[in-house]
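Student: Could you walk me through this model with a few questions and answers? I would like to see how each answer is reached.

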Amino acid sequence: MKLGFIGTGNMAGAIMGGIIKNEIFKPEEIIGADISEAGRQRVKEIYGIHVTDDNKKAAAEAEVLVLSVKPQYYAETIAEIRDCVREDQIIITIAPGKTLSWLGEQFGKSVKIVRTMPNTPALVGEGMTAACVNEYVTEEERAYALKILSSFGKVEFVPENLIDAVVAVSGSAPAYVFMFIEAMADAAVAEGMPRAQAYQFAAQAVYGSAKMVMETGKHPGELKDMVCSPAGTTIEAVAVLEERGLRSAVIEAMRVCAEVSRTM
């Protein structure tokens, strides 16, 4: 097998879907291991990959192995598979708090590790992933990892000391955005708009605004000013958001998020 997964949850499924859609690997070249039969069957039915309940089998057969279990299970998972892991394999991790140094200690040998932090928009091919590598990963292998990670969104290589900031600004950020969309939709419903339509308007407004930031290259503050006409409706709404502390709430939430990431 060219690609293996230990853990077949939502993030693993998103990665599989992007990889298969972009023809990086064929379904028959991918194996997913999970202790949950329901989890295994789900990815088998959706993506047509091979599945197993044996983590060691996935570790032994894959050229590239993705550890997609929750952070609290990393130590025991690595302890289980480390004797099956070869020095020519690439290990991709997606766990906050698990540093390259810590991962290397757990494996106890020279292992090529690509530490990443993706986010759930990978499910729709719009993920944002940060990555860093240890000293055993060659430039060619780094480029290969980039090709894999790019299949479900954008990728940036960053210094490892920025990974916790990445957790706050993109890894966990979809939750903040979903809350914002839900709140806007609730307000629209209060004004009489049907619920389904309210979600569509709110979600499209967020999607379009994000696209403007990405494609125009303008500062978000400049784009905000373009909407705020003198004595208009928007500036009144912005004033309320400022009064209620929107910016400080977001900044403080992200600070706490990054701090928790550091201690996981």
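Predicted model: local features only at pLDDT ≥ 70, side-chain atom pairs only at ≥ 80, totals over all residues.

Student: In which sense do strand S5 and S6 pair?

Tutor: Strands are DSSP runs of E with at least two residues, helices are runs of H or I with at least four, and both are numbered from the N terminus. Two strands pair if DSSP finds at least two bridges between them. S5 (residues 90-93) and S6 are joined over four bridges, and the sense is parallel.

Student: Which residue in S7 stands opposite Thr116?

Tutor: S6 and strand S7 (residues 127-133) run antiparallel and share four bridges. Within S7, the residue opposite Thr116 is Ala131.

Student: How many residues of strand S6 are buried?

Tutor: Buried means under 20% relative accessible area, exposed over 50%, and partly exposed in between (1.4 Å probe, protein chains only). In a regular strand the side chains alternate between the two faces of the sheet. On one side of S6, Lys112, Val114 and Thr116 are buried, and on the other Ile113, Arg115 and Met117 are too. For strand S6 (residues 112-117), the count is six of six.

Student: Is Asn55 buried or exposed?

Tutor: UniProt lists Asn55 under "binding site" in an unreviewed entry; such annotations may be inferred rather than shown by experiment. Asn55 belongs to helix H3 (residues 55-61). Because its relative accessible area is 9%, Asn55 counts as buried.

Student: How many residues of the lining of the second largest pocket are charged?

Tutor: On a 1 Å grid over the protein atoms alone, a pocket is an open set of points with protein on both sides within 12 Å along at least five of seven lines, and lining residues have an atom within 4 Å of a point. The second largest pocket has 32 lining residues, with Ser68, Val69, Lys70, Pro71 and Ile94 nearest its centre. Asp, Glu, Lys and Arg count as charged. The lining has 16 nonpolar and twelve polar residues, and the charged ones number four.

Note on methods:
Residues numbered from 1 in each chain as written. Heavy atoms only, no water. 1 Å grid on protein atoms, 1.4 Å probe; cavity = no way out; pocket = protein on both sides within 12 Å on 5 of 7 lines; lining within 4 Å.
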